[in-house]
There are 2 protein chains.
Amino acid sequence: LSQLSRFRTEDEFVRWLTRLTQGRASGLVVGIGDDAAVAHPGRGQEIILTTDLTIEGVHFLQHLHPADVVGHRALARALSDVAAMGGKARFALISIAASRSAGRKWLRDFYAGVLRLVARHGVALVGGDTAVVGGPTLMDVLVVGEVPRGKALLRSGARPGDRLFVSGRLGLSALGLEVLRSRKLRTSSKFTRALRAHLYPQPRLQLGHFLQERRLASALIDISDGLSTDLQRLCRASGVGACLHAENIPGPPAKTFPLLRGTASRWRWALDGGEDYELLFSVRPRNVPKVPRQFHGIPLTLIGEVVRGRSLFLALPGGRKVPLAPGGYDHFRKA
Amino acid sequence: LSQLSRFRTEDEFVRWLTRLTQGRASGLVVGIGDDAAVAHPGRGQEIILTTDLTIEGVHFLQHLHPADVVGHRALARALSDVAAMGGKARFALISIAASRSAGRKWLRDFYAGVLRLVARHGVALVGGDTAVVGGPTLMDVLVVGEVPRGKALLRSGARPGDRLFVSGRLGLSALGLEVLRSRKLRTSSKFTRALRAHLYPQPRLQLGHFLQERRLASALIDISDGLSTDLQRLCRASGVGACLHAENIPGPPAKTFPLLRGTASRWRWALDGGEDYELLFSVRPRNVPKVPRQFHGIPLTLIGEVVRGRSLFLALPGGRKVPLAPGGYDHFRKA
């Protein structure tokens, strides 16, 4: 395979990328190729800014994750942050520091994954930076979104008495990673859904926008590091506590997943799994009946309520309450 | 020195950074601490988006560049891109993948360098991402700027007959790096200015904004990779050629810089040096008299003209013209 250095100059690489991203995007004045991109925001809109690092060996493994999956996942993380503000995603910039071993084909497949996902959400890839590094491949994805003035859904709006909902099924992505790592499980059709959840997570942009437009959520966060960790973030920002009902948390279906048998707690997958990119949101009691059971096929599940204080609890079947500690992924603790 | 992992959790690091960046910035709705930042752009403004990677071993060396210098330079690169569009810088996001050997003190000094520079230009640090990596330290700096609708100064506006100007003195930063590398030269007071140019380059935001407001520049680019390389970029985007007058190019003053003696051409420093972050701009003949000789103490020098065709020339003293090849830094060629 040809090396990245087959792009003889950086300018040649930029021209290649410019061709890939051609086609006028709405609101875009200047795309890739000048000193910076220029865009005009919609009338009455505020801009949302978010950026996420994706690192080989931390967020993906060269031998397990195909290049298009790496592109998809890197972008999905940042898009999910825009969903978590109730906004629309508009523009993306990608900086990539490619390891010397990444070939031209790898880069092409990486951008194929990126471009498929931006196309699906009407996002324009408008810039970035590029370099070759001695260390692992690393990318930083910036997404610019927009939301009507004053309407961004923050983490800090939850009040005692609010109900807590999550979208989708949690823990599927973490399970998918276990499956991907196991040669035996990988071939089983039982795990197709978990594998897909891990390889191609879908940022919940439409759902976030729906919650914002209908004013259904009092606080909103995306679940990137596990329900237990992201629930703590939402509660800290709001100055509240929470109680979750273990039985109601939509985890991977235990019966069909033999992998789950014998694990200390079947809820651990859903609580600490991470990388699900589902949405966790609080709803005022009067708005609970307005939350649909499904949104475009994605289940919305009532999993608990916001309480006074600062503590998080998990109510087990039978009624016993245990403290809920954040157990999701943390780059600093693992370091 | 305490390790980065002394921030026991990522959330703790984010809280530390939030304290550092407190104080309400104009136009900022949500800063660090939620899923994303939210800001409102000024009325009638377009947004400018630019991002730049800074990599240990490529853009800085751990043993030569103090942490605050690394922060300053990383941010200056991105601010310079906004200057090169004629815009105002508003918001910055910094993603940093810190090598395991970077300590808490290093991070603190890094952000001190960043925060001094953002304060000088009225920019708010509103977000970013963070991780610890096995490889070299790496950061991606995104700056959001703004410019009145339709007024961004592009690379593509130069026409044959336009005159070419540069700000400041070119090659000082490259010379400063040579000085920094030499134990002997480093102690000489002769090189203070070159060292300063290398360690603390000043993005020409006010100048870029001035050229935009007065409609003086037909095309504008910042000189990040060397005059020869960035001139080629401007000419390619405009579909023109150029001829520079070697004698007029403001390089490091040869007499006071013994290092320059014996180098093949004293202009090479100015032509290929890179990292000067000065501005190169073209001016319609009728506007040439309106370009001041200095702008806030920074000399603006007429160095050549835009010509038909696609070729770049250097006119040597005596009148001989030689082809001018881009010789600046290119991450792909060096890789």
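# A tour of chains A and B

Start by selecting helix α3 of chain A, residues 104-120. At 1.5 Å a residue, its 17 residues should span 24 Å, and the end C-alpha atoms are 24 Å apart, so the two values agree. Bear in mind throughout that this is a predicted model.

Stay on this helix and colour its buried residues. They are A:R104, A:W106, A:L107, A:F110, A:Y111, A:G113, A:V114, A:L115, A:L117 and A:V118. Then move past the end of the helix to A:G122, which follows α3(A) and has a positive phi, near 65°.

**Next stop: A:D68**

Select A:D68, a residue of helix α2 of chain A, which runs over residues 67-83. Is A:D68 buried or exposed? Its relative accessible area is 16%, under the 20% limit, so A:D68 counts as buried. Now show the side chains around it. Which side chain makes a polar contact with that of A:D68? The partner is the side chain of A:R116, at 2.9 Å. Setting aside residues up to four places away in sequence, A:D68 touches A:D109, A:F110, A:G113, A:R116 and A:Y200.

**Next stop: A:L28**

Go to strand β1 of chain A, residues 28-30, and select A:L28. With a relative accessible area of 13%, A:L28 is buried too. Its contacts, leaving aside neighbours within four places in sequence, are A:V38, A:A39, A:F91 and A:V126.

**Last stop: where the chains meet**

Show both chains and select the residues in contact across them: 70 residues of chain B and 70 residues of chain A. The size of an interface is often given as the accessible area lost when the parts come together. Here chain B and chain A bury about 5,600 Å² between them, with 61% of that on carbon and sulfur atoms.

How many salt bridges are there between chain B and chain A? The count is six. To look at a salt bridge between the chains, select A:D34 and B:R155, whose closest N and O atoms are 3.8 Å apart. Polar contacts between the two chains involve 14 residue pairs. On chain B, strand β3, residues 45-55, gives the largest share of the side that touches chain A, with 10 residues. By type, the residues of that side of chain B divide into 37 nonpolar, 13 polar and 20 charged.

Key: Residues are numbered from 1 along each chain as its sequence is written. Chains are lettered from A and ligands numbered from 1 in the order in which they are written. This is a predicted model: local features need pLDDT of at least 70, side-chain atom pairs count only at pLDDT 80 or more; totals for chains, interfaces and linings use all residues. Side-chain values use heavy atoms; hydrogens and water are left out. Helices (H or I, at least four residues) and strands (E, at least two) are DSSP runs, numbered from the N terminus. The expected span of a helix is 1.5 Å times one less than its number of residues. Buried means under 20% relative accessible area, exposed over 50%, partly exposed in between (1.4 Å probe, protein chains only). A polar contact is a pair of N or O atoms within 3.5 Å; within protein, one must be able to donate a hydrogen and the other to accept it, and residues adjacent in sequence count only if both atoms are side-chain atoms. Contact means heavy atoms within 4.5 Å. Buried area is the accessible area (1.4 Å probe) that two parts lose on being put together, summed over both. A salt bridge is a side-chain nitrogen of Lys or Arg within 4 Å of a carboxyl oxygen of Asp or Glu. Ala, Val, Leu, Ile, Met, Phe, Trp, Tyr, Cys and Pro count as nonpolar, Asp, Glu, Lys and Arg as charged, and the others, Gly among them, as polar.
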